Amino acid sequence: MLIRKSGPEPLSSEITPEAVWQSRREWMARASMVAAAAGLPAWASRRAFAQGADELPGQPSREYSVMDKPTELKDITSYNNYYEFGVDKDQPAENAGKLQTRPWTVSVEGEVQHPKTFDIDTLLKLAPLEERVYRLRCVEGWSMVIPWVGYSLSALLKQVEPTGNAKYVEFTTVEQRENMPGLRYPVLDWPYVEGLRMDEAMHPLSLLVFGLYGKVLPNQNGAPLRLAVPWKYGFKSAKSLVRIRLVERQPTSSWMQAASNEYGFYANVNPDVPHPRWSQASERRIGEGGFFAPKRKTVIFNGYADQVASLYQGMDLKANY
Ligand SMILES: Nc1nc2c(c(=O)[nH]1)N[C@H]1C(S)=C(S)[C@@H](COP(=O)(O)O)O[C@H]1N2
Ligand SMILES: [Mo]
């Protein structure tokens with residue numbers, strides 16, 4: 001966490017990449033900013049180092065970004081769900097400093113021609129990094145807008161050549177007993193497991209994420225790599241991935257295992273299908289004036305219907321929640 005110092009620190013110290021980012025309204029301006037990032041002055045890289053996160057720029061993607069105003073970095077990094085570090089929103093930021101993100105490997109296995117274990121630094125270079133501004137809608141009724149840095153999951157899956165039997169993808173996330181205090185509590189059946197149907201996983205919107213706001217992912221947001229599947233509830237976007245397995249049968253996610261009447265496999269954002277404890281009709285956008293700000297109406301597929309509705313043609317979205 002950033003600690004705001006009092007005293008003679010000049011205001012320029014508060015000019016985070018986020019502040020710079022926010023001031024760029026035009027997409028073209030953002031593109032040129034990224035080009036300029038290659039020639040950052042020395043003070044800028046020292047500052048970045050002091051903040052503890054390395055630069056990780058991505059080419060701004062207009063095609064896959066929304067124009068919503070991004071949520072502030074401080075909110076994205078201090079209001080989290082990462083149950084391995086505790087169930088309260090502030091616990092991941094407090095506890096995730098212990099997560100060991102190097103060395104790190106991800107095995108991609110199962111129904112593939114070329115199973116392979118990838119080193120994180122190899123993965124980072126597997127495809128060009130893009131910056132994509134996505135909405136994230138949590139089933140609890142809040143949402144954020146996050147400028148992720150990553151590339152389509154499909155780029156990785158194509159490398160290992162799925163076999164004809166690969167119908168689903170199962171994602172398993174890290175279990176570090178010593179470093180994750182939440183693992184002591186049987187809130188979920190650890191490790192955290194999620195899944196996608198093959199066509200969902202291959203959809204270009206499904207993003208393998210390595211950074212946000214132009215920097216390496218903070219641990220509490222799922223370092224060193226996580227998923228972002230923006231048309232589904234946030235819990236599908238598993239953090240700190242260690243295994244990706246292509247399988248023939250629909251995987252059971254940790255949330256289905258915990259309460260299958262509350263959490264289905266699909267978990268597409270849908271204002272017409274309420275969760276047993278939470279209506280999904282509206283949402284609170286984090287950073288918009290706190291609890292008393294007017295809520296926003298939740299939109300089917302989180303606003304991504306043009307891109308993804310065809311994946312579910314003919315499917316009963318109430319039965320397949
Ligand atoms: N491994 C793991 N991944 C996880 C979770 C978790 O508890 N453990 N929480 C999920 C939920 S419920 C949400 S809403 C998002 C939150 O992502 P963020 O903290 O980066 O906003 O992460 C998802 N990925
Ligand atoms: Mo969530």
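Which residue in β12 does Trp142 stand opposite? I began my notes with this question and found that Trp142 faces Arg284 across the two strands. I record at the outset that the model is predicted.

**Entry on strand β5**

I looked up the strand to which this pairing belongs. Two bridges join β5 to strand β12, which spans residues 282–285, and the two run parallel.

I then turned to β4, residues 130–137. This strand pairs with β5 in the antiparallel sense, and I noted eight bridges between them. One position I checked is Arg135, which stands opposite Val145 in β5. The hairpin of β4 and β5 has four residues between the strands, and in this hairpin Gly141 adopts a positive phi near 105°.

I next examined β8. Five bridges connect β5 with β8, and these strands are antiparallel. Here I found Gly150 of the pairing opposite Val209 in β8.

Is strand β5 largely enclosed or open? I found that eleven of its eleven residues, 142–152, are buried, so the strand is largely enclosed by the rest of the structure.

**Entry on Ser206**

I looked up Ser206 and located it in the loop between α8 (198–202) and β8 (207–212). Is Ser206 buried or exposed? Its relative accessibility is 0%, and because buried means under 20%, Ser206 counts as buried.

I also listed its contacts, leaving aside neighbours within four places in sequence. Ser206 touches Tyr151, Ser152 and Leu153, and I noted Leu196, Glu200 and Ala201 as well. Ala228, Val229 and Trp231 are also in contact with Ser206.

**Entry on ligand 1**

How many residues surround ligand 1? I noted 17, and the closest are Asn80, Tyr83, Glu84, Ser237 and Lys239. By class, I recorded eight nonpolar, six polar and three charged residues in this shell.

I then looked up polar atoms at the ligand. For Glu84, an N or O atom of the side chain is 2.8 Å from a nitrogen atom of ligand 1. For Thr173, the corresponding separation between a side-chain N or O atom and a nitrogen atom of the ligand is 3.2 Å. For Lys239, I found a polar side-chain atom 2.7 Å from an oxygen atom of ligand 1.

Key:
Residues are numbered from 1 along each chain as its sequence is written. Chains are lettered from A and ligands numbered from 1 in the order in which they are written. This is a predicted model: local features need pLDDT of at least 70, side-chain atom pairs count only at pLDDT 80 or more; totals for chains, interfaces and linings use all residues. Side-chain values use heavy atoms; hydrogens and water are left out. A residue is near a molecule or strand if one of its heavy atoms lies within 4 Å of it. A polar contact is a pair of N or O atoms within 3.5 Å; within protein, one must be able to donate a hydrogen and the other to accept it, and residues adjacent in sequence count only if both atoms are side-chain atoms. Ala, Val, Leu, Ile, Met, Phe, Trp, Tyr, Cys and Pro count as nonpolar, Asp, Glu, Lys and Arg as charged, and the others, Gly among them, as polar. Buried means under 20% relative accessible area, exposed over 50%, partly exposed in between (1.4 Å probe, protein chains only). Contact means heavy atoms within 4.5 Å. Two strands pair if DSSP finds at least two bridges between them.
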